[in-house]
Amino acid sequence: MSNLNILEFPDPRLTTVASDVEIFDEALKKLVQDMIETMYSARGIGLAATQVNVHKRLLVLDVSEKQDQPRVYINPQILSSEGEQDHEEGCLSVPGIYASVNRAETITLRAQDSDGNTFEEQAEGLHAVCIQHEMDHLIGRLFVDYLSPLKRNMVRKKLEKQRKVAAKEAEEHLVI
Ligand code: NI
């Protein structure tokens with residue numbers, strides 16, 4: 001397994017709309033494993049293929065307390081949704097930024113596993129938030145897109161500043 005590079009806002013590749021997965025082969029299984037490993041090592045609870053510059057409808061998540069129950073959703077589709085919830089969200093592609101987003105409380109979805117088998121399930125609470133957040137990535141949408149343009153611009157500036165500080169620190173130190 002290996003760690004994949006995660007794209008960061010405002011990288012335009014994050015706005016790409018993913019296409020369906022049609023071939024369920026060993027390469028797909030390897031990608032799924034790499035995405036799970038990348039998610040864990042980045043300390044995230046979800047990761048969409050878009051974030052690792054693979055524009056296929058595929059996401060992984062783990063909302064379990066011990067982070068030992070990885071789940072895979074390929075070609076996910078929301079069949080129905082109910083209720084509302086506001087949850088503070090963050091994103092591996094928008095590091096250090098958190099904002100409350102309004103989403104459905106319960107969703108019923110259909111997806112495929114890495115062998116191509118179709119399954120349906122109901123998700124609620126954080127699990128439902130995570131699926132909706134990751135599915136947004138697959139249509140090129142980030143949680144900061146729900147913020148006002150003014151706030152989104154503030155996020156952009158904050159990230160630019162963080163990157164400059166990090167680049168300066170890297171210049172001044174020997175990183176081995
Ligand atoms: Ni995200």
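Q: Across which strands does helix H1 lie?
A: The model is a predicted one. In it, helix H1, residues 26–41, lies across E1, E2 and E3. Its direction runs at about 40° to that of E2.

Q: Across which strands does H2 lie, and at what angle to E7 does H2 run?
A: H2 lies across E1, E2, E3, strand E6 (106–112) and E7, and runs at about 120° to E7.

Q: In what order do the strands form the open sheet?
A: Strands of a sheet pair through backbone hydrogen bonds, in either a parallel or an antiparallel manner. Here 5 strands form an open sheet in the order E1-E2-E3-E6-E7, with antiparallel pairing. Strand E1 (46–48) and strand E7 (118–124) are the edge strands, each pairing on one side only. On average, neighbouring strands of this sheet are turned by 40° against each other, direction ignored.

Q: How many bridges join strand E2 to strand E3?
A: Strand E2 (residues 58–61) and strand E3 (residues 71–82) run antiparallel and are joined by 4 bridges. Leu-59, for instance, has Tyr-73 in E3 as its bridge partner.

Q: Which protein donors does the nickel ion have?
A: The donors are Cys-91 (SG), His-133 (NE2) and His-137 (NE2), which lie 2.1 to 2.3 Å from the nickel ion. Along the chain, the donors follow the spacing C-x41-H-x3-H. Cys-91 lies in the loop between strand E4 (85–89) and strand E5 (99–103), whereas His-133 lies in helix H2 (residues 125–138), so the pair ties together parts that are 42 residues apart in sequence.

Q: Are Cys-91 and His-133 buried or exposed?
A: Both Cys-91 and His-133 are buried.

Terms used. Residues numbered from 1 in each chain as written. Predicted model: local features only at pLDDT ≥ 70, side-chain atom pairs only at ≥ 80, totals over all residues. Heavy atoms only, no water. Donors = N, O, S within 2.8 Å, 3.2 Å for Na, K, Ca; no water. Helix = DSSP H or I, 4+ residues; strand = E, 2+ residues; numbered from the N terminus. Buried < 20%, exposed > 50% of the residue type's maximum accessible area, 1.4 Å probe, protein only. Pairing = 2+ DSSP bridges. Axes fitted to C-alpha atoms, helices over the stretch in contact; angles between N-to-C directions. Contact = heavy atoms within 4.5 Å.
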